[in-house]
Amino acid sequence: MSIRNLTSLFHPRSVVVIGGSGRGGSLGERVLANILNGGFGDTVFAVNPRRVAIDGVNWVDSIAALPEVPDLAIVVSPAATVPEAIASLGALGTRVAVVITAGFENEAAKAAILEAAQPHQLRVIGPNCLGVLMPYAALNASFAPRRATAGRLAFVSQSGALVTSMLDWAADRHIGFSSVISLGDMADVDLGDVIDMLASDARTDAILLYIEGVTNPAKFMSAARAAARIKPVIAIKAGRSATGVRAAFSHTGALAGAYDVHAAAFERAGIVLVDCLSDLFDAAQVLCRYRANGGERLAIVTNGGGAGVLAADALLTTSGTLATLSDATIAALDPQMPHGWSRANPVDVVGDAHAERFAAATRAMLADAGVDALLVMHCPTAVAAGTDIAQAVIAALDEGGPNRAKPVIACWMGPQNADAVRFLFDAAGVPLFDNLDDAVRGFGYLLQAAKARQALLRVPSRVTIPAADRSRADAVIANARAEGRTALSALETRELLAAYGIPVAPGRFAPNAAGVAVACDALRAPYAVKLVSPQLPHKSDVGGVALDLAGAAEAVAAAEAMEARIKREHPEATITGFEVETMVSGAGQELLLGIADDATFGPVLAFGAGGKAVAVLNDRALGLPPLDDSLARSMIGATRVARLLAGYRDVPACNMDAIVAALEALSAIAVDFPDIVELDINPLLATPHGVIAIDARARLSEAPRASRLVIRPVPMEWAEDLVTRGGLKIHVRPVLPDDEAALAQFFHQVAPEDLRFRFLTAVREVGHAQIVAMTQVDYRRTMNFLAFTEDGTLIASAMLASDPDHVRAELAISVHAGFRNRGVSWTLVEHVMRYAAAEGIEMVESIESRENHAALALEREAGFVVVPTPGSSTEVTVRRRVGQA
């Protein structure tokens, strides 16, 4: 649903336990005891037909008997009573209920809860959950055996049992939480809802997720993308190892495992994916302290040579590299280091090092422009105390000036060694580890977060192709639908690919062996002949491919032999005919490009090594459409075959631009044709001169279906040429990521007073972070329309940001100083209101300074109503219901 009415979950003033009990050992007794023992200082009610005599608990025998409307309800009554309880709570006015009760295995039982809740807009967490813990509200509304201490991390889990384990683990390490939420079966409130709430929670520095499955994936992606721009979102995904893989029509379908699809989606959403529970906290302590800037060059300072070597080895498991120290850095360290020191990275300060030697090395690493991040490792010795060395390192960091912004990770080897200095590094804001593998992995999380942040900021445009080519592609799908087929032949698939600009091998279809000769007449020799059989999609596995046939006679003979063998060895198979192609000459790298259909995230793109050994090589990367050049190159770079594409020894590099273009074309097909559930290009032959699709196949859904994209492309259908009331011709379109420089220049042309009105504060210059937020947007929630003159000058910006529910959206407009009083603002307001109506937004608002008389006059004329802004004497809110003239 939405975040509507969830505020009471985080700040309840009264709690009722439906099924609360005084009977020892009962679930109702345990939940009440946890609420009371947790120190909740406000009103606690228990509803039970039997009397509940517990100090601090107000007992009533029915929901109707409650003397006031409780903010939060905890339901532990038997499953059969839950729908009625929810309906009664909703009618009373309660807005959030946590259903701990289990026993809702079938969808009908869950639906009964929702049917009871929805008329009253009551939000339901659960059923079948552990409950919720809100340490800052002193609320432990769960049956967990221990409570959570207050801290800055939020933990959201689909497993209640995992919450109890996490609480034990965190308590032993003095880790606190802003909230702990067990979501259970997610009949109503889901991951996306809670992420949205936690993104704006000032007490939460990072959001930790344990995920078994994602419901409403488009909402989840939008929520995660919005949250990850503000704070780290870190997840562990259950179900990494599959017990089996279903038989798939295509290689892409077989290779696109559910866990890997989740990993690709999480990266696109800016989520950092980790492998185990302890990694959640390891990643959080690094990412909460440093902004991921993507710098890959790590310097290592250590008093143990072996430890330094092992850390360098561990770095190979990340995308990081060892920094190369400059000559100046080495020269500066020479007087500070013992004779025979490493004079390289890792910097071995030697086992007898005192605090000052560590400090000198720390200062030198921070000052080296070739170092992006620093790992300081201390192996305990009897020569110097670990606390003294920690204090010296921290002092050196404080002297770092601008270089202090570089990420620094401390590793004091051994639990006792680390515990002795933890308070020092915590106070200094330096993440600390007690073993080198976790420390290096911590650096890897910074790199992973930087890559994910780059991915979440990419919002590709929808690719458009000429109308004639689109008609060709549409005809391929329509013809298969008309014939009642879901499988496209290789020739049909190549026709589809060609319409989107992917070069394809020429070919013809022959209905039988005799027709192969006719097909050869239209093609150049040598030939390839391939079996067409709906039961045998993987032709080469059954001897259904013959290559390098010199002439038509050889091609016909190969088809006849193939037909005889298939009839003998696979009598159940129907032979539809044969595909005859011109053999593509020349060496090249065989690649796989494909589309698969994921049950959760919709269309998924695959890229990797192709050919007959594709399943054995298992070298592929996945991504979600839509793609742009940067995302496509990132996918390619994530595979092993990418190193071959770059060229080696006497083998020249393949044409990378052509490969990228093919991958982007495939992304466009996935966007434009939601009916395609599987598509393989295998192989796509890549050479220094370009690419060509040798073989391809596709499969359609059983029936036409709507788009399942979870990342919305730039809605360029909202680009339009308009004329203002002042007669100015303008072109209005959605913002693109590449508009960053133009928008920055535009704000230099906005009058200082207008900047103050736009940002409601004195602003000399719009910062880079603000520009990025205006250009890298999630179009499901935010739109920024830009207006250009006929010569391409950017003259206005109209930004509309909606809440997750699409109930309200806030509008802010800026106009170039040279184009004021030309009707630009009026035209943009009308364009925005049409867009808001199409998006289902109910209300558009704008916060204005009382001094901004021009804007207020325009908005009144446009039908906005002016109302006071709560808590402000200098601002007003103007509001217009969408659809209102």
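How many cavities of 30 Å³ or more does the count come to? Five. Please keep in mind that this is a predicted model. The largest cavity holds about 60 Å³ of space. Its lining includes Ile595, Asp597, Pro603, Phe673 and Pro674, and also Arg705, Ala706 and Arg708.

Next, a helix. Helix α7 covers residues 217-228, twelve residues, and at 1.5 Å a residue it should span 16 Å. The C-alpha atoms at its ends are 16 Å apart, so the expectation and the model agree. Is α7 mostly covered or mostly open? It is mostly covered, with eleven of its twelve residues buried. Among them are Pro217, Phe220, Met221 and Arg225. The partners of these buried residues are the helices α6 (191-199), α9 (258-268) and α16 (436-457), together with the strands β11 (206-211) and β12 (233-237).

Now the sheet. Eight strands make up an open sheet with mixed pairing, and the order is β31-β32-β33-β34-β35-β36-β38-β37. At the edges are β31 (720-723) and β37 (865-868), each of which pairs on one side only. On average, neighbouring strands here are turned by 30° against each other, direction ignored. β31 and β32 (residues 729-734) run antiparallel and are joined by four bridges. In one of these strands, β32, Lys729 is the bridge partner of Val723.

Two helices go with this sheet. α26 (residues 752-759) packs on it and touches β34 (794-802), β35 (808-815) and β36 (843-849). The direction of α26 makes about 175° with that of β35. α28 (residues 824-839) lies across β31, β32, β33 (782-788), β34, β35, β36 and β38 (875-881), and runs at about 35° to β34.

Last, some backbone details. Most residues other than glycine have a negative phi, and most peptide bonds are trans. Which bonds are cis here? Another is the bond from Asn682 to Pro683, with omega near 5°, and Pro683 is in strand β28 (residues 676-687).

As for phi, Ala138 has a positive value near 55°. This residue lies in the loop between β7 (131-134) and β8 (139-142) and is partly exposed, with a relative accessible area of 24%. Arg649 also has a positive phi, about 45°, although it is not a glycine. Arg649 lies in the loop between α23 (641-645) and α24 (656-672). Is Arg649 buried or exposed? Its relative accessible area is 87%, which means that Arg649 is exposed.

Notes
Residues numbered from 1 in each chain as written. Predicted model: local features only at pLDDT ≥ 70, side-chain atom pairs only at ≥ 80, totals over all residues. Heavy atoms only, no water. Expected span 1.5 Å × (residues − 1). Buried < 20%, exposed > 50% of the residue type's maximum accessible area, 1.4 Å probe, protein only. Contact = heavy atoms within 4.5 Å. Pairing = 2+ DSSP bridges. Axes fitted to C-alpha atoms, helices over the stretch in contact; angles between N-to-C directions. 1 Å grid on protein atoms, 1.4 Å probe; cavity = no way out; pocket = protein on both sides within 12 Å on 5 of 7 lines; lining within 4 Å. Points joined across faces, edges and corners; volume = space filled by probe spheres on them.
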